[in-house]
Amino acid sequence: MVTCKNCGNVFNEVFEICPKCGTRYVAEETVGQEEQKIAALQSEAQKNEKKARKKKGKGKLAAVIGIVCVVIAAAVIALVMILNHSAVSAQAQEQITLGEKYFQNEEYDEAIIAFQKAIDIDTANADAYLHLEEAYRTVGNFHEAFKVLQKGYEQTGSAEIKKRLDMLYDGGADMKIEGQEVIENGSCGDGLSYKIYENGITVIEGSGKLEDTDKNNVIWRDKKVTEVYLQEGVSEIGKYAFRDCDTITYLSIPRSVVAIGEWAFNDNDRLTSIEVDPDNNYYSSKDGVLYNKERTILEHYPSGKWGTYVLPMTVQEVRTWAFAGAMQLRYIGVEAGNEAYSAYDGVLYSKDQDALVCYPPMRIDHSGSYTLPDTIKVIKAHAFYKDADLESIIVPASVEQVEFHAFERLSADQTIYFKGRDYAPGSWDNDWNYKCKAEIVFEPPEPEESSSSLPVFR
């Protein structure tokens with residue numbers, strides 16, 4: 001029997017509700033079990049919450065530890081870089097100190113070697129460039145001095161190098177003509193005059209344009225001019241202005257020049273360097289090679305410059321006369337990433353190799369005969385200009401166009417074989433064989449074998 005907690009009625013516990021008031025009967029032990037369950041759930045919830053808080057705390061701690069590790073790693077890397085740079089700087093400084101000792105003892109060749117080693121060790125060391133430039137200038141090699149400063153400014157952006165560069169450019173001619181007598185002077189255009197000194201240094205000054213000229217009547221051709229300095233005020237360099245002047249080795253272009261005519265510097269067999277004032281807004285130079293300001297156009301490769309040339313990635317156009325007369329050019333490469341040109345085995349092509357742009361006159365390891373790839377459709381203007389060492393050129397049937405003067409100045413002891421054709425197609429430029437004395441042989445395709453049993457006559 002149990003007593004109802006609501007009304008006090010006593011009834012048999014088998015009944016689930018009180019017969020008098022209807023209150024549901026719950027055994028004491030059940031209540032205890034429920035309370036235990038609730039307590040257990042609450043305890044479990046508390047435990048889970050503690051675990052979550054602990055896990056979250058561990059996560060935050062791990063994140064903090066991770067950040068600390070990254071900071072420490074970065075600091076270690078920075079420290080290593082600083083130490084490495086310090087070691088590099090120390091090594092470069094050793095070479096600079098050695099070069100200074102040589103310089104003071106007037107052992108300039110040894111000084112130049114030491115300063116160059118300093119640059120090789122640390123290309124960002126402005127002092128090394130300044131010392132090397134001074135050494136070159138002291139021995140009278142102004143061209144190398146200028147090139148050193150140009151490279152140094154590109155590598156370091158040093159204001160001191162830029163200042164020295166401007167001073168050398170503006171005063172380069174003055175240094176060389178000091179004590180020299182003028183052996184000739186005259187007019188070379190409306191508002192322009194020239195002076196030729198006894199050592200061949202030529203200064204052109206005034207205000208105006210160096211006029212276009214007939215290629216057979218260039219002023220400087222027979223005057224034994226060695227170096228040409230155009231002064232501030234010269235606005236344009238006309239067509240053929242310095243063509244075929246075999247004694248010129250160096251030419252400087254001031255900031256005032258805004259236009260240069262075609263073939264202005266071609267066929268100068270000793271010209272190795274063209275330098276442009278860094279402040280010129282239309283043209284630039286690098287290693288003596290002439291470009292437009294942005295270096296997207298190759299204007300001219302000096303005819304007397306010997307060796308290998310790598311076309312910069314930025315160049316998107318090569319002037320048709322850019323390599324004409326570059327008789328010392330042995331190999332052409334193309335910098336990775338160039339979108340307009342490619343090179344193979346030292347020969348310059350269009351990017352997809354459907355056009356041959358230039359075959360170097362002194363190409364390395366050529367056998368005396370050259371066969372164009374069968375991908376070539378166009379042979380560009382002046383592509384084989386003055387290539388006297390080639391015995392024969394074999395042109396595949398894939399070629400659809402040959403541009404003007406492509407084989408100009410080839411000699412009578414050379415042969416050009418045109419495979420798979422009877423004649424020059426009308427699509428070829430009328431002057432494709434201008435001043436070409438080479439023997440030209442058209443070799444038509446061989447007829448297909450007949451299926452007839454009759455003999456085939458050839």
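Tyr-349 stands opposite Leu-356 in β20. This is a predicted model: local features need pLDDT of at least 70, side-chain atom pairs count only at pLDDT 80 or more, and totals for chains, interfaces and linings use all residues. Residues are numbered from 1 along each chain as its sequence is written, and side-chain values use heavy atoms, with hydrogens and water left out.

Start with the strands around that pair. Strand β19 (residues 347-350) runs antiparallel to strand β20 (residues 355-358), and two bridges join them. Strands and helices here are DSSP runs, E of at least two residues for strands and H or I of at least four for helices, numbered from the N terminus. Two strands pair if DSSP finds at least two bridges between them. Leu-348 stands opposite Cys-358 in β20. Four residues separate β19 and β20, which form a hairpin. In the turn, Gln-353 has a positive phi of about 60 degrees.

Now move on from β20. Strand β22 (residues 378-379) pairs with β20 in the parallel sense, over two bridges. Here Ala-355 stands opposite Val-378 in β22. These strands belong to an open sheet of five, in the order β18-β19-β20-β22-β24, with mixed pairing. Its edge strands are β18 (341-344) and β24 (401-402), and each pairs on one side only.

Next, the cavities. The whole structure holds three cavities of 30 Å³ or more. A cavity is a set of points, on a 1 Å grid over the protein atoms alone, where a 1.4 Å probe fits but cannot get out; lining residues have an atom within 4 Å of a point. Grid points are joined across faces, edges and corners, and a volume is the space filled by probe spheres set on the points.

The largest cavity has about 80 Å³ of space. Ten residues line the largest cavity, and Phe-146, Leu-168, Gly-172, Tyr-229 and Tyr-250 are the closest to its centre. At least two lining residues come from each of α4 (142-156), α5 (159-177) and β9 (250-253). The largest share, four residues, comes from α5. By class, this lining has six nonpolar, three polar and one charged residues. Ala, Val, Leu, Ile, Met, Phe, Trp, Tyr, Cys and Pro count as nonpolar, Asp, Glu, Lys and Arg as charged, and the others, Gly among them, as polar.

The second largest cavity has about 60 Å³ of space. Its lining includes Ile-260, Trp-263, Phe-265, Leu-290, His-300 and Trp-321. Six nonpolar, three polar and two charged residues make up this lining.

Then the charged pairs. The structure has 21 salt bridges, each a side-chain nitrogen of Lys or Arg within 4 Å of a carboxyl oxygen of Asp or Glu. One joins the side chains of Glu-184 and Lys-223, at 2.6 Å from N to O. Glu-184 lies in strand β3 (residues 182-187) and Lys-223 in the loop between β6 (208-210) and β7 (227-230), so the pair ties together parts that are 39 residues apart in sequence.

Last, confidence. The protein averages a pLDDT of 86, and 80% of the residues score at least 70. pLDDT is the predictor's confidence in each residue, from 0 to 100. Over residues 28-32, pLDDT stays under 50, and the model has two contacts for them beyond four places in sequence. A contact means heavy atoms within 4.5 Å. Residues 450-458 also stay under 50, with four such contacts. Where pLDDT is low, the predicted coordinates should not be read in detail.

Technical notes: 1 Å grid on protein atoms, 1.4 Å probe; cavity = no way out; pocket = protein on both sides within 12 Å on 5 of 7 lines; lining within 4 Å.
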